[in-house]
Amino acid sequence: MKVGIVGAGKVGATAAYAMVMKGVGREIVLVDLDKVRTEAEAMDIRHAIPFSARMLVRSGDYEDLKNSDLVVITAGVKQPPGSGITRLDLLEKNAAIFKQIIPNIIKYAPNAVLLIATNPVDIMTHIAAKIAREHGMPKGRVLGSGTTLDTARFRSLLSQKMNIDSHHIHGYVLGEHGDSEIFAWSSTYIGVIPIDDFCKQWGIKFDEDDKIFVEEQVREAGYKILDGKGATYYGIGAAISRIARAILRDERSLLTVCAPMDDLYGVKDVTVSMPNMVGGEGVLEYLELPLNMHEERSLIASATLISDLIKSIS
């Protein structure tokens, strides 16, 4: 099982390290314009292999992606604080980069699943899927990390509040990976018990103000990390590793990745995050959660925001 990672910056390198620590795949190839940095990252990660899973990690070029089962894309222009670069400027620059990257990947790894982690991930995944389809790749084989990390942050905060293992918290963050994301409280369970019933049963105070606080903490997490250390990479690196495992092992796992959708509550041709079944062929199907009216309207608003941005660069 071979994984290519295009973009060996902090996110790409951390994703590779997370895969090594979890034994995801058997070979990882790092590809980046900065050859010196890429070889250094590969060397550093190789030195961790004696403490983890047996794996081959190396740097390479696009031709070294041959026979990859999965290619992760983290490459792209960042938006430095105070740079004056607008979100639309950023999208246009990254769209131009993807027009070069995607054909090169498909040329050497036509059967690979493409996992996009470049921000803004919803729109970049939509762009990547469009370019990939023009080169003969099926739509389901292109997906983005979406709100996988947001969902993890959500469950982590609830775990602390409920004092229970986060693996037993089943809740999802949907829509945009960004400020318009929505929290599916009506479908949030602790084990098999709705969260409100669980709190009543265990005498835990958790009202609407607490829910708003959790939402704010999730939405602000990335900004706080950026302010404190300049970049976020551990959480997203682990999220990429988790998605990679689902693909490489054909797990058919439910993950809140983003993928192109023909229609979402009337919003046409849009890419947002929903609980998707992820396996060896990429996105196999999405799960339509039973949302309440407020959540449904919020999801439509989030999808519309993404749709408008997609149209602005089409």
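Reply: Happy to. The side chains of Lys-35 and Asp-61 form a salt bridge at 2.2 Å, N to O; the term means a side-chain nitrogen of Lys or Arg within 4 Å of a carboxyl oxygen of Asp or Glu. Lys-35 sits in helix α2 (residues 35-46) and Asp-61 in the loop between β3 (56-60) and β4 (70-73), 26 residues apart. Helices (H or I, at least four residues) and strands (E, at least two) are DSSP runs, numbered from the N terminus.
This is a predicted model, where local features need pLDDT of at least 70, side-chain atom pairs count only at pLDDT 80 or more, and totals for chains, interfaces and linings use all residues. Residues are numbered from 1 along each chain as its sequence is written, and side-chain values use heavy atoms, leaving out hydrogens and water.

Me: Is Glu-41 buried or exposed?

Reply: Its side chain meets that of Arg-37 in a salt bridge (2.8 Å, N to O), and both lie in helix α2, four residues apart. Buried means under 20% relative accessible area, exposed over 50%, partly exposed in between (1.4 Å probe, protein chains only). At 17% relative accessibility, Glu-41 is therefore buried.

Me: Which residue forms a salt bridge with Asp-262?

Reply: Asp-262 lies in strand β13 (residues 258-264), and its partner is in the loop between α4 and β6 (142-144), so the pair ties together parts 123 residues apart in sequence. The closest N and O atoms are 3.1 Å apart, and the partner is Lys-139.

Me: What is the relative accessible area of Thr-125?

Reply: Thr-125 lies in helix α4 (residues 121-134). Thr-125 is buried, and the value is 0%.
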